[in-house]
Amino acid sequence: GTKRPDFVVLNDQDLAYAKVRLDSQSHKVAMSNLSGIEDSLARTLVWTAAWDATRDGEASGSDFIELVLNHIGPETESTTILTLLRQLVTTGNLFVHPAKRQASLERIADGLIDLASKAKPGSDSQLQFVKFVPQFARTQTHAKWMQELLDGKSALPGLVVDQDVRWELVIGLVICGVFGE
């Protein structure tokens, strides 16, 4: 006897061990509003439902990529951010159609560069976005961005290019063909 809300999260409060799927209306709302969910546990349940649907071939890899790039920026849980970035690696390399793979990887790199530049200076988010760019970098623009960070010709406020970040950038530059073996 009550009106159905636009967005329904099953297993809210994570009280049961369950694999949750969003109905089509809730999926549509999540695609536009996921980062607006204030409760971190509910937000994580939605992230997990989206990943499970993608991994199980029930949802588009391209949709998952867009969901992450559009909503990871304001995410407050560092472990969730790292998990999502790792899931992007799998999605970009395995879960998109081979004919769309190159464009998907480029889209992810572009998105992460944008997120890194907008992240709070010195934040863990900023560091994680920068460290994952090289895994997706494929274009000369990406290579130039990594090279300038590595050489100190450009900087992101608050980002320390330490030895770990240097190695990630060098690996990305090898992948892009700037550096050889």
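Predicted model: local features only at pLDDT ≥ 70, side-chain atom pairs only at ≥ 80, totals over all residues.
Local features need pLDDT of at least 70 and side-chain atom pairs count only at pLDDT 80 or more, while totals for chains, interfaces and linings use all residues. Residues are numbered from 1 along each chain as its sequence is written, and side-chain values use heavy atoms, with hydrogens and water left out.

The largest nonpolar core holds 46 residues. Such a core is a set of buried Ala, Val, Leu, Ile, Met, Phe, Trp, Tyr and Cys residues joined through side-chain atoms within 4.5 Å. Buried means under 20% relative accessible area, exposed over 50%, and partly exposed in between (1.4 Å probe, protein chains only). At least two core residues come from each of α2 (40–55), α3 (61–71), α4 (78–95), α5 (98–118), α6 (124–136), α7 (140–151) and α8 (163–175). Helices are DSSP runs (H or I, at least four residues), numbered from the N terminus. The most is given by α5, with 7 residues. Leu 112 and Phe 129 have the most contacts inside the core. Leaving aside residues up to four places away in sequence, Phe 129 touches Ile 72, Gly 73, Ile 81, Leu 85, Leu 112, Leu 115, Ala 116 and Ala 119. Contact here means heavy atoms within 4.5 Å.

Thr 54 is buried, at 6% relative accessibility. Beyond four places in sequence, Thr 54 touches Ala 59, Ser 60, Gly 61, Phe 64, Thr 91 and Phe 95.

Aromatic pairs number 2. Rings of Phe, Tyr and Trp (its six-membered ring) pair if their centres lie within 6.5 Å; planes under 30 degrees apart count as stacked, over 60 as edge-to-face and the rest as tilted. Trp 51 and Phe 64 have ring centres 5.3 Å apart and planes at 55 degrees, so this pair is tilted. Trp 51 sits in α2 and Phe 64 in α3, 13 residues apart. Both residues are buried. Together with Phe 95, they form one aromatic cluster.

In the contact of α7 with α8, Ala 143, Met 146, Gln 147, Leu 149 and Leu 150 of α7 meet Arg 166, Leu 169, Val 170, Gly 172 and Leu 173 of α8.
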